[in-house]
Amino acid sequence: MICEIYKLLRCNRRMLAHCVRFHIASCVLFTFLAANATWGANLQQTIREAQAKVVKIYGAGGLRGMEAYQTGILISPSGDVLTALSYVLDTDDLTVILDDGRKWQAELLGSDPARELAVLHLAVEEQSLNYFDLQEAVEVEVGQRVLALSNLYGIATGEEPVSVLQGVVTAEAPLDARRGSERSRYRDSVYILDVVANNPGAAGGALVDWQGRLVGVLGKELRSRMTGTWLNYALPAKDLAQVVDDIKAGKELQQVVGERVAAEESLSAESLGFQLVPDVLPRTPPYIDSVRPDSPADRAGLRTDDLIVFVDREPIASCKAFHRAFGFREFDELVSLSILRDGALLEFHLQAEEVQAVVDDEGEAGTGP
Amino acid sequence: MKFILKTVCISALLFTANSAHAQSTPNEEVLKAEQQRIATIERASAATVAVFDAAGQGGGSAVIISSDGFALTNFHVTAPCGAAMKCGLPDGNVYDAVIVGIDPVGDVGLIQLLGRDDFPHAELGDSETVAVGDWVFVAGNPFLLADDFQPSISYGIVSGVRRYQYPAGTLLEYSESIQTDAAINPGNSGGPLFDAQGKLIGINGRGSFEKRGRVNVGVGYAISINQIKRFLSHLKSGRIVDHASLGAIVSTSEDGRVLVDDILETCDAFRRGLRYGDEVVRFADRRITSTNALKNALGVYPRDWIVSLTYRRDGETFDTSVRLMGLHDESQLVDLIQREAEHPSEPSPGELPQPKGEEKPKPVPKLAPAISKKPKLPKAVAERFTHRRGYANYWYNRQHQQEIWNRYRAIHALEDVGPNWNIQGRLTDEREFTIELSDQEASIRLPYGQSGATFRGDLAAQLSPPGSGGLLLTLHLWQRFLDKGLRQFGEVVYLGQLPLGSGEEPVECLVGTYGGMETRFLFSPTTGDLVGIDLFSGDAVDPCSLRFSDYGDLDGRRLPRHWHVFHGDQLFAEWQVDQWKFE
């Protein structure tokens, strides 16, 4: 099992330390098992209390493979909800339902595109909601037992509480993952779990310890870049208090996480600093979903919602065609993109900049810090 | 690879170091708890069955629930097997098994393993007390791994309770199911979900899979054992069992109330006063806050079950109890199953597919399985199987009819009572009544009037005395039943056990059809006494219900001395019998 974990993750220097901790923790684990009988009642109580702080979120989506729901956690008594930044939030009609069936229309306060987190607000009248205090979030050791609470698969509806799964933190390691062919933006440390926590709809859910204290926030569905397996992970919650404050204060958060990317062989949208919309249709129109600030694309003037119609004068009709066209180009090649924006055809010339790759002990391209 | 090897070596070293270290030696408590768990799993495993079709192919899991070999599994496991299957137990033996009853809507099948009367069996738990966070374990035969029939075990917690799963395809619907993160994979279908004490709390049958391929993704569902307990006697009747419907369609209003959108005028809920626009507040002791909540609460009952209902109209609240109607009519259900057998649909999202043998790596095209190949039934199975339309196995129905009937006749000495009955007694106000019965006619004399009935021609017109729903006719049919017996009364069916009222203990139910009317004879499962008779003179009318108690000696026979006569929810009469003569 240890080997498997290593295969899933990039091997790096920190692994050895994890390995040691893992074994110590596994001894602790036996004690936990023995105490099951007495823990039973406490565990039920812990779960019930934690469930009251996890909400069901319904928004945009509904297309094949794009569920119109996800999960969030209450982080203040006055109705602030932390959740994953995703297409689900991309609507004016965002509904949040508590575990007791109470329902609100939510307002999007702001987001952190790097961590892919967003903060919503519910217009509650009394400041009496149950919530996780981010200031009191805890760190856990590898090997420690945790509970993952989320509305995976949208199983819970109305006043039903969210689902809860139990497992163990198997590693703490930098995230090296992809969504489709795009590399995930967040590259910093995450908790890797042995439980299938990151299912459709689970993003934004809570990872708590057996005392019900917040440990992490479940991330969106991602696959390992190395093996293609689905990852089960959570963003550590310990730093999120500041992040949430910054989001609420409206600060620019794009720069929070390191932007260094590994060298790619061929040209990609990512290396130019933009992302296309998720490729969900047989011929998804290649709209730009987001542009990374201070990237070549940003400097050239590309914007979200631009539609790419030509790559070097070659007509492009779908996301797939776009990726194919880029796949034939060298990483540092100059490329011209023709864009349809507000009925006007605009032309841009872009070139990726040098990237700084970090090489670790094993001689593989990897990620810092 | 080099790195990995290195790590393994280091791990091994660390392990050795750890075990030598005093701190890491688990204490007594820990070891004891571990031993307990091992013992629990061993005990539970003994009752876990690996199910294959008669040719030893396909497969799923099951669990034995009594020493005579009755075992629960999924309908979707038994469906491709036909009448006979092979069952492997952890003792290494393979037993023949026969289909007993099926609940296609609830996805439950009951089979009986043959050849022993001392099968190891699981103890039934109480799924009502199961809570999120409880430790549970799954036993079964995922991916058909076990050649020696030792079940695979996976451990986890309850992730959710009372989960509702939308109907898959035409039939399957999971209500109030138990959601667990203990791994449930193809091949676990029909197998047991145990609580940490090894008590059976559910039958595994579904998972959420969707885009990740058909393996466990941390979400499995089990049909709750309490639902199955209600259906068990119905399954033992050998019938194709149907679920219940309220007879009304509801929707959730803007302000979150559950309102009646439409209601059948023929259903019992309508006769109990439920109307269009009423708010459904409680159903079967569950608060109803959404359309789904009602579906969920409804889905765990067999048709004809009686449950409590609370509804609200213009601020006024009404409490009543309703007899639930069927979800399908009988021929519709049989047709659906037939169609399913001839053209099995692809396992719908959520339904656990049957793992195939290794030689078939790809999903195989379905080649009319149960129909074209009709292997000869093993002798033990053939002895216990009777084919009949509308039944999974009619043999069991006949068996139950005879058991109930023989017991009733024996303890009551009613073989030769004849057609002429004279019953006298007192009403609760001490005034007297008399009933005279012959094979052609009957009369009753009550303090407030007299009425009679003749039993030639159209029986449905003879519903006297007025307001009783047909008391005299009911007595006539009782007499006919005693006289003609199971074979000649009309068509007689053993239905299973049903409660006499909401929240009451279920009783055995024999249904006789004669003269276009349904008469239900209700027997106590403990004493064998006839505790009631319901006469349904039409599809859309309340029955005449007789309820008997205070059994004792009358004219040298064991007979009921205290009677209640109801028509719907109205008490028509209550009396004590002093004298009962048979001539």
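Trainee: Is A:Arg313 buried or exposed?
Mentor: A residue counts as buried if 20 or more other C-beta atoms, placed from the backbone, lie within 10 Å of its own, as exposed if 12 or fewer do, and as partly exposed in between. Because A:Arg313 has 8 other C-beta atoms within 10 Å, A:Arg313 is exposed.

This is a predicted model, in which local features need pLDDT of at least 70 and side-chain atom pairs count only at pLDDT 80 or more, while totals for chains, interfaces and linings use all residues. Residues are numbered from 1 along each chain as its sequence is written, and chains are lettered from A and ligands numbered from 1 in the order in which they are written.

Trainee: What is the phi of A:Arg313?
Mentor: A:Arg313 is found in the loop between strand 18 (307-311) and strand 19 (314-315) of chain A, where strands are DSSP runs of E with at least two residues, helices are runs of H or I with at least four, and both are numbered from the N terminus. Most residues other than glycine have a negative phi. Although A:Arg313 is not a glycine, its phi is positive, at about 70°.

Trainee: Which strand of chain B holds B:Asp550?
Mentor: B:Asp550 is not a glycine either, yet has a positive phi of about 55°. With 11 other C-beta atoms within 10 Å, B:Asp550 is exposed, and its place in chain B is strand 29 (residues 544-554).

Trainee: What is the omega of the cis peptide bond between B:Ser464 and B:Pro465?
Mentor: B:Pro465 lies in the loop between strand 24 (449-454) and helix 11 (471-488) of chain B. The cis bond that joins B:Ser464 to B:Pro465 has an omega of about -10°.
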